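Let's take a walk through a protein model together, one step at a time. Have a look at the structure below, and then we will begin with a pair of helices.

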Amino acid sequence: MVAGQDKSLDTSHLYEGKTIRAAAPSRKKLAGKMSGAGSDIPKDAVPDVHIPTFVESLFGGPLIPKMKFLPADRMVQTLQLIGGGLMMLLAVLTYLVTPVDGTFWNWFAVWLGVDAMGQILHLLIVISALGAGFYGIFRRDARGLLVSYVLFILISLRFAASKVTFESGALDEVGEGWVKLLLVVYAVSLVMYIEVTNGIIRFSMLDTSIRTGEVYVMNVKKVLSRYHVALVVTPVIATLVALGTLMINVIIPWFFELFDPETAKRLSESVELTSVYGVALGTMLVFMVVATLFAANIPLRIQQWRESLD
Amino acid sequence: MAWSRKSAMFASLATALYLLGLVLRNPQLVTVAVVLLSFLTWAALRAAHADVAATGRRLDEDDQSEDAPTLASLSAMRKVSAARIFEDGEIQITLRLQNHSPLSKILEVKDTVPEVMRIKEGANYILMELGPRRETLIEYTIECPLRGFYTLGPVSIRVQDPFGLFHTEKEIHVYDDFLVFPKTEDLKEAFVKSRVPKIFTGAVNIRQPGEGSNFYNLREYVPGDSIRKMNWKAYARSGKMMVNEFERDAVSDIILIVDSRAVAETGPVSRNSLVYSTRAAASLAQYFLSRRDSVGLVIYGSDINSVDRDTGKKQLYVLLTKLAGAAASGNTPLQVVTNRIMPHINRGSPIIILSPLEGDLTLVNAVRDFRAREFDVTVLSPSSLEFEFDAKRLDRTGYEVLKTERDIMISELRGLGAFVMDWEPDMLLATALAGARGF
């Protein structure tokens, strides 16, 4: 204590000779004595803020990311049925267009000398993807869905010939055009499966938020119909773009036939164009057009034009 | 246009599959990648417009921005039911959204509400389809549990593609300020006595005999006393002619001193010394002003804010506004406050100090100075120890030690002639005031 302050604060005459400090006690001194259990921050001192986890933010709730859902409403149930159906279709297509040849597990089975094991493992992966998918869809668990996505993509990872062939697959006898179409349908159904199952989680979040009063939706039907329309339009467009890129070995010779039939003939017989590099060329051409659209700011200009219409 | 985490993952997956497909010469992978890319591109094309504009009192938008031509299509205006309310009061908010465009839009609208507010009815987060050249009203009610100055806004509007891959966000800078006053408690009696009369009659009884309504004393009859003042029972008892004397009713200056130092906010947000002090000061101000007294206010924390004494309803709102804005900061000692205000207040005026009585070595000296000049000092001390103990931030031993030291401090202040009340949470203000006066 400072000597100058002692005089005014000294209360010894009141307390039988003891010197009692008149100032408020120091909290700092007591802080060291506090037990761990007593140092919790009281509940009402911190606002309740939900920080979304990685999985929650990946599935991107449109409004409030929460993974504890109320029972599924009609929209979510419909999406669950569509998702389940798409997954079945995808499983069949996956089995058809991704033969076991060239996969790591087939190589491993051959190395072990048990050829049949490759096929069994292949089938097991498809079944596991189905199981995880069903769990994810009907329990509305994002982790199950993520496992299912990974397995469906994993099964496509194989070394193959550069030509689109399905030797030793179930499509040996089918024509190339049909095979390519099937391949596109497989790719589109995989992407739509990812999107629809993602929609199950997103709309569950939205529905829960609506029912708990955190969000209000005006004109629900119109908001949902936009999503339904997009679910139909987007795969059609994706199919067209994918077909455009895959059929580049047909489109380029057809284009050159207008100028030089000889060159067109040579191009149609080109191994490169029918290989995966032809697909790469097609992709490049298609997306060059898209890039030009964006570079010229066409979407914005179209929007401005539409906005200015009376 | 902003990417969501989902779209970023899609793009990364598509790129990885595409490159892997080329390396492994695997057409399946390349096809999946192409479909993913077209999916993303289509969504981007659909979401590549942000047609959101702002109209409001504080329009900070740069109209020359790149997407300015489409910014005029949406506007928002807000109407609030009250700009000033008391704690626990409710405000109805109406947000009017207008779509000036010939196109229908699906929007996510969020009106930003201060974090401490609770949505009582309706929602401030709306997902909707707004038709061409249409307008809509969004109504919701908020409950305001804590005093302070608050601002509503901005209005955030988001347009996104149906799959939630890309979105465009815009803030409409429409703001509305409102003020939440500390809630008041109706007091029937404040038990505060002044020694200083003023010219006009008022509610605070002056501790001098005179014309009034409250009994003060008995004295012997002297010629000239009104016969109506005769106390017949006392006459019968003593045999002497005795008359009743009454306290003078007069207007007095009441000075409220609120401690808003940083230490006053110790405890939970909604239950701490400052919250209780401001509520008590508001209740006392309302009580005294309703009785035509003159009330002044001093709030000290990092600096000293004072409101000069005055009467009337206008003064009440001036005081409430000051109390609403009291923020806990700084550590100005009470002695500094007393030194500054003492020359400006009438000697003997009642002074009510609202303080947790912590972390100020000058407290005793300051109260002693007041008492030496015959000020009637009442100290109401909301104990932050109770708040912290209730919130389990203090263990039992710590609480007991601090409590003992606090009791000693209070005893010392009482020894100086101040009326001190250790105000525990949830005790009514009227009870605390009565307790301070020993009733």
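In chain A, the axes of helix 4 (residues 74-97) and helix 6 (residues 115-138) come within 10 Å and cross at roughly 170°. Helices here are DSSP runs of H or I with at least four residues, strands are runs of E with at least two, and both are numbered from the N terminus. An axis is a line fitted to C-alpha atoms, for helices over the stretch in contact, and the angle runs from 0 to 180 degrees between N-to-C directions. The crossing makes helix 4 of chain A roughly antiparallel to helix 6 of chain A, a label for angles over 145 degrees, while those under 35 count as roughly parallel, 65 to 115 as roughly perpendicular and the rest as oblique.

Before going on, a word about where this comes from. This is a predicted model, in which local features need pLDDT of at least 70, side-chain atom pairs count only at pLDDT 80 or more, and totals for chains, interfaces and linings use all residues. Residues are numbered from 1 along each chain as its sequence is written, and chains are lettered from A and ligands numbered from 1 in the order in which they are written.

Which residues of the two helices meet? From helix 4 of chain A they include Gly83(A), Gly84(A) and Met87(A), and from helix 6 of chain A they include Ala129(A), Leu130(A) and Gly133(A). Two residues are in contact if their C-beta atoms, placed from the backbone, lie within 7 Å. By class, this contact between helix 4 and helix 6 of chain A has nine nonpolar, five polar and no charged residues. For these classes, Ala, Val, Leu, Ile, Met, Phe, Trp, Tyr, Cys and Pro count as nonpolar, Asp, Glu, Lys and Arg as charged, and the others, Gly among them, as polar.

Stepping back, chain A has 14 helices and one strand. Buried residues make up 32% of its 310 residues; a residue is buried if 20 or more other C-beta atoms lie within 10 Å of its own, exposed if 12 or fewer, and partly exposed in between, with C-beta atoms placed from the backbone. The domain assignment of chain A gives domain 1 (59-246) and domain 2 (269-310), with bounds from an automatic or database assignment. Six residues from domain 1 and seven from domain 2 of chain A take part in the contact.

Now for chain B, where some loops deserve a look. Arg25(B) sits in the loop between helix 1 (5-24) and helix 2 (27-47) of chain B, and has a positive phi of about 55° although it is not a glycine. Is Arg25(B) buried or partly exposed? With 18 other C-beta atoms within 10 Å, Arg25(B) is partly exposed. Arg133(B), in the loop between strand 7 (125-130) and strand 8 (135-144) of chain B, has a positive phi of about 50° and is not a glycine. In the loop between strand 9 (148-152) and strand 10 (155-160) of chain B we find Pro154(B), and the peptide bond from Gly153(B) to Pro154(B) is cis, with omega near 0°.

Finally, how confident is the predictor? Chain B averages a pLDDT of 82, and 86% of the residues score at least 70; pLDDT is the predictor's confidence in each residue, from 0 to 100. Over residues 49-71 of chain B, pLDDT stays under 50. The model scores ipTM 0.76 and pTM 0.71.
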